[in-house]
Amino acid sequence: MKPLFLRAGLAGLALLAGGCTTVLPVIPKLVPCEIAAAQLQETCAAPGTIGPDVTYSDVIGVAITDRKNLRLCAEKNRFLVESINACNAAIAEHNKKLDAINSQIAK
Amino acid sequence: MGKVVLIIAMLAAGIAGYFIGGWSGRSAKEALAKAETAAKESEAQYQKTRQDLEQKLATIGTQHEAEKQKIIDEANKQQADFKTAVDTREARISAMQKERLGIRSQITAAEQRVRDAKTDSERQAAEADRQRLINQELAVRTTVQGEQCAIVKVAPSLLVVLRGVAP
């Protein structure tokens, strides 16, 4: 019977101690890289269709459209690269500051 | 009397224990306070980094939309210009063919001047004139051929190469 009382007492003390404890975040939050969903879903268009009876004028028309799509695709690529670079830079900067804070605690 | 001394001794021991315990736990309390401050700093840092990044990504996104619109507008203008060029090609062909007839008669006149030349210098000048006009006529003729080519179907032998890599 005695050990049971002892265990219950210890459990009660542990709960009491837990209630008085300051909660500190152990794992730091990650910086979210939030790019608009619509912009992430943009795709590069396939080249225009060249039928069997096309004229030289038609081919130029297809070329104009393909050039536009290529420029849009390159722009999308540039946008994604710039966004990822911005995210990486922010995460690196954040980690650097966390390191500085951690080294301050360690002192 | 003995009990009073015992109680005093117990009280004294209790007080001493309280202070000794407080002293020994001081470093732990300091460490906890430090960690708490660091956690607050870390949270503030996180919020700032997150807001800065959100703003930067929004700016990049806006620039991207503007750039896309610029590309689309330019392409639309290019398509419209091309359509106009195709639609008005008959008129240009007709004008160039008239121009070509004019150049042809100037060439005939220049050839006559070459034949009628009395001196070498006259002949050389007429010959140079004739050559210039021939080049001019060639340029007009090539342009007319190019204009006429617009509505010509691409030869299967050429098209097969292009269609081989296109959908």
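Student: Which conventions apply to the numbering and to the values?

Tutor: Residues are numbered from 1 along each chain as its sequence is written, while chains are lettered from A and ligands numbered from 1 in the order in which they are written. This is a predicted model, in which local features need pLDDT of at least 70, side-chain atom pairs count only at pLDDT 80 or more, and totals for chains, interfaces and linings use all residues; side-chain values use heavy atoms, with hydrogens and water left out.

Student: How many helices and strands does chain B have?

Tutor: Elements are DSSP runs numbered from the N terminus, with helices (H or I) of at least four residues and strands (E) of at least two. Chain B has five helices and zero strands, in the order α-α-α-α-α. The radius of gyration of chain B, taken over C-alpha atoms, is 48 Å, well over the 15 Å that the globule rule (2.2 Å times the number of residues to the power 0.38) gives for 167 residues, so chain B is more spread out than a compact globule. Along the principal axes, its C-alpha atoms fill a box of roughly 160 × 45 × 30 Å.

Student: Which elements make up chain A?

Tutor: Chain A holds three helices and zero strands, running α-α-α from the N terminus on.

Student: What share of each chain is buried?

Tutor: A residue is buried under 20% relative accessible area, exposed over 50% and partly exposed in between, with a 1.4 Å probe and protein chains only. Buried residues make up 20% of the 167 residues in chain B and 22% of the 107 residues of chain A. By the Shrake-Rupley method with a 1.4 Å probe, the accessible surface of chain A comes to about 7500 Å², 67% of it belonging to carbon and sulfur atoms. Chain B exposes about 11800 Å², with 62% supplied by carbon and sulfur atoms.

Student: Which residues make up the largest nonpolar core?

Tutor: In soluble globular proteins, nonpolar side chains tend to be buried together. A nonpolar core is a set of buried Ala, Val, Leu, Ile, Met, Phe, Trp, Tyr and Cys residues joined through side-chain atoms within 4.5 Å. Here the largest has ten residues: A:V31, A:I35, A:F79, A:A86, A:C87, A:A90, B:Y46, B:L53, B:L57 and B:I60. Both α3 (56-106) of chain A and α2 (26-87) of chain B supply at least two residues of this core. A second, separate core of eight residues includes B:M96, B:I107, B:L133 and B:V140.

Student: Which residues does A:T55 touch?

Tutor: Contact means heavy atoms within 4.5 Å. Not counting residues up to four places away in sequence, A:T55 touches B:A150, B:I151, B:V152, B:K153 and B:V154. A:T55 lies in the loop between α2 (37-40) and α3 of chain A and is buried, with a relative accessible area of 14%.

Student: Is B:R163 buried or partly exposed?

Tutor: B:R163 counts as partly exposed because its relative accessibility is 38%. The residue lies in helix α5 (residues 156-165) of chain B. Apart from neighbours within four places in sequence, B:R163 is in contact with A:I50, A:G51 and A:P52.

Student: Where is A:N69 found, and what does it contact?

Tutor: A:N69 is found in helix α3 of chain A. Leaving aside neighbours within four places in sequence, A:N69 is in contact with A:A45 and A:A46. With 17% relative accessibility, A:N69 counts as buried.
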